[in-house]
Amino acid sequence: MRKTFAARALAAAALLLLLAACSDEGGADAPATLIVQAAGGESEIQAIEQMAKAFEAKFADVRVEVVGVAQQGDHMARLSTAFAAGEPPDVFLLNYRRFGQFAARGVIDPPQDLSIDDYYIQPLNAFTFEGRLLCLPQNVSSSVTYFNPSLFAKAGVPVPKAGWTFADMRSAAERLQAAGIEAIGFEHTMRTVAPFVWSAGGEVVDNVAKPTQITLDTPPARAALTYLKDLLRFGVNAAEEAADPAEERFARGELAMFLDSRRAVPKFRKSEALRFDVAPLPVDKQRATLLASDAYCVSKEGGHTEEAHEFARFAVGPEGGRILAATGRTVPSHMELSRSDVFLAPNEQPPSASVWLDNIDAVRPLPNVGPWNETEENASDALEQFFADKLSLDQTVARITDESKRLLSR
Amino acid sequence: MPTSPFFERSARPERAERSKFGSGAGSGAAVVGRAAVVVVFLTPVAFLVLGSLRAVGIPPAKGFELIPEGAGFEAYRALNDHIPIGLLLRNSALVALVAVPLTVLVASWAGFAMAQLPRRARTVALAATLGMLVIPLPLVWVPRFVLYNRLGVIDSLVPLMAPALAATTPFTVLLTYRAFRRVPPELFEAARLEGAGALSTWWRIGLPLVRSTTTAVAAIALALHWGNYLDALLYVRTPGNRTLPLGLSQLAGLDTNDAPILLAGAVVLTLPPLLLLALVQRPLLGAVQGER
């Protein structure tokens, strides 16, 4: 009798496995179920789900299943695995700095029948790969200076405004600190560094379309890096940033200036006691800011490409774009929508939301080629060490240059 | 054959090994040392629990708070507003209920079989098992995806249980192998002479003598399956099939002012395995010190 125990145990386990398989609620998708994968916080995913419901209401024969992934890294791992296994989602939302690896593999089905005249050209260009538009951009955000007017008033310092210079920003930071106010904080990554390099007259890469190396070893780029590092003397240094990020300090009303794109707005709006506004980044030799844009891409192997394109068009069009813009997180790529009160929201913070629209003619993209994502992450690691005083300027630019040559040559 | 003591048949009596291990048990230094270890491991748990008791919707604390601001269970009550905690717990429990016994069964079979192999075959099997330990996990993501997809079990709980069919990790096989190698071979030989088959020998002679190790294997399997985020991320899509770690990752997308909700979720994830491990700590210690 005991001899048969193991066989019975195995049979029971197999039965449980079978039962678990049978409990699969999503295994038998209806033919017109679209899988849409996106990364983002709870509010962003909820907004996409809300948009998906609006789409279903309009196209009754299509069901949309939104797969929300909280972290970008997990989003990329899930996408890469699914593509490699030949079972990708029908639609996926990606930043242009990360879409190159999918574009290069030819797994994206180009959009059809889009009236591109309704959209800003800058994000369309960012999702154009080898001369062909591959994904439909939902937003055209850019880096700005968030500031707390109360803290500026307390220190008797004029608030930032369009056309202010690198010297103005430094002077404001110095005076704010002298008044006992923490002046400035920012992410210590390529996202922050790039627009300052451009403004100082430098370039981030040798060729945006076909980069072979990062070019932070030039005098203007070195000057921009030195300038940013010097600013940290008046604000949140690397150790403080690690312990309590600048974004949190700004949200609590303790930090005077914070550099970021539109993505920080929903969080700051939630902090009821916080009053904030935005201004363009300071200018050195020329106006420049970094393009931040995400787009809906359709998988060639998704199985429902027609419906998927319909969904992508709906998402970036006035109806879908309105739902996403209402979250406060996006600057719509649809021109008419971006100029409407849905985005400008005159009764909500920041009062100067039009800064993002004024920025559009000064936005510049980082490369969108296949190896760029890894190259940028690698460079950002070195930059973090630079701002933390663990690498000298020479060591930083040398490491970034060498590593970028290696990674971009793949 | 590897020459590490880990793989050698123990020549020392188990009791002597235990008494040696426990020789300093009563000394002050040992007590201080153990207390230090407890403090190191319990401090993050204390942070977790205290953080989860903080009021929701207020900016995060700047440092450690012994009494959290607005202390209460608001975050636990809010948990279900963000993730279907009951469903996630049910799915995680179902995975653990299948995968843990299956892991113990497969690992003990594999370990027992390896221990009975002739020397040359045993060396090959050991090398292969060790080799599998060093295979980077990302290498198996795609083959597994393809396999599960072909079997029609993608986006179900099966991919989360399936690793148990291979003992979850080669480490559990090595553990049971080591335990079975400690059993005097004469016992198995005697059983064979009395006509017992392999399964009967494993069940009646081997398994009762390595109970502490199988308990340890069960604990490892529980920890791995209960906290298995990656497989859930890669192979599960439908909300109804998600497990607790995946639900917890959704909470990571919450605003930092809602961090207590994330911490409350982490407490719910951590508590069941902690309680179970506390219940089986005696046999676990037995596995560390050597089989009785």
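Guide: A residue is counted as buried here if 20 or more other C-beta atoms lie within 10 Å of its own, the C-beta atoms being placed from the backbone. The model is a predicted one. On that count, buried residues make up 37% of chain B, which has 292 residues. Chain B contains 15 helices and zero strands. Of the contacts in chain B with a separation of 6 or more, 75% are between residues 24 or more positions apart.

The helix pair to examine is α3(B), residues 74-82, with α14(B), residues 259-279. Two packed helices are described by the angle between their axes and the distance between the axes. Here the axes come within 9 Å and cross at roughly 90°. Because angles of 65 to 115 degrees count as roughly perpendicular, α3(B) is roughly perpendicular to α14(B). On the side of α3(B), the contact is made by B:Ala75, B:Tyr76, B:Ala78, B:Leu79 and B:His82. These residues meet B:Pro260, B:Ile261, B:Leu263, B:Ala264 and B:Gly265 in α14(B). By class, the residues of this contact comprise eight nonpolar, two polar and no charged.

Chain A may be set beside this. An assignment divides chain A into domain 1, covering 33-140 + 293-355, and domain 2, covering 142-291 + 371-408. Their C-alpha centres lie 27 Å apart. Between them, 20 residues of domain 1 of chain A are in contact with 16 residues of domain 2 of chain A. On the domain 1 side, α4(A) (100-104) and α5(A) (121-126) each supply at least two residues. The largest share of that side, three residues, belongs to α5(A). The side of domain 1 that touches domain 2 consists of six nonpolar, ten polar and four charged residues.

Strand β9(A) runs antiparallel to β11(A), residues 255-260, and four bridges join the two. Within β11(A), A:Phe258 stands opposite A:Tyr146. Strand β9(A) is also antiparallel to β12(A), residues 277-279, through three bridges. There A:Asp277 is the bridge partner of A:Phe147.

Technical notes. Residues numbered from 1 in each chain as written. Chains lettered and ligands numbered in written order. Predicted model: local features only at pLDDT ≥ 70, side-chain atom pairs only at ≥ 80, totals over all residues. Buried ≥ 20, exposed ≤ 12 C-beta atoms within 10 Å, placed from the backbone. Contact = placed C-beta atoms within 7 Å. Domains from an automatic or database assignment. Nonpolar A, V, L, I, M, F, W, Y, C, P; charged D, E, K, R; others polar. Pairing = 2+ DSSP bridges. Axes fitted to C-alpha atoms, helices over the stretch in contact; angles between N-to-C directions. Parallel < 35°, antiparallel > 145°, perpendicular 65-115°, else oblique.
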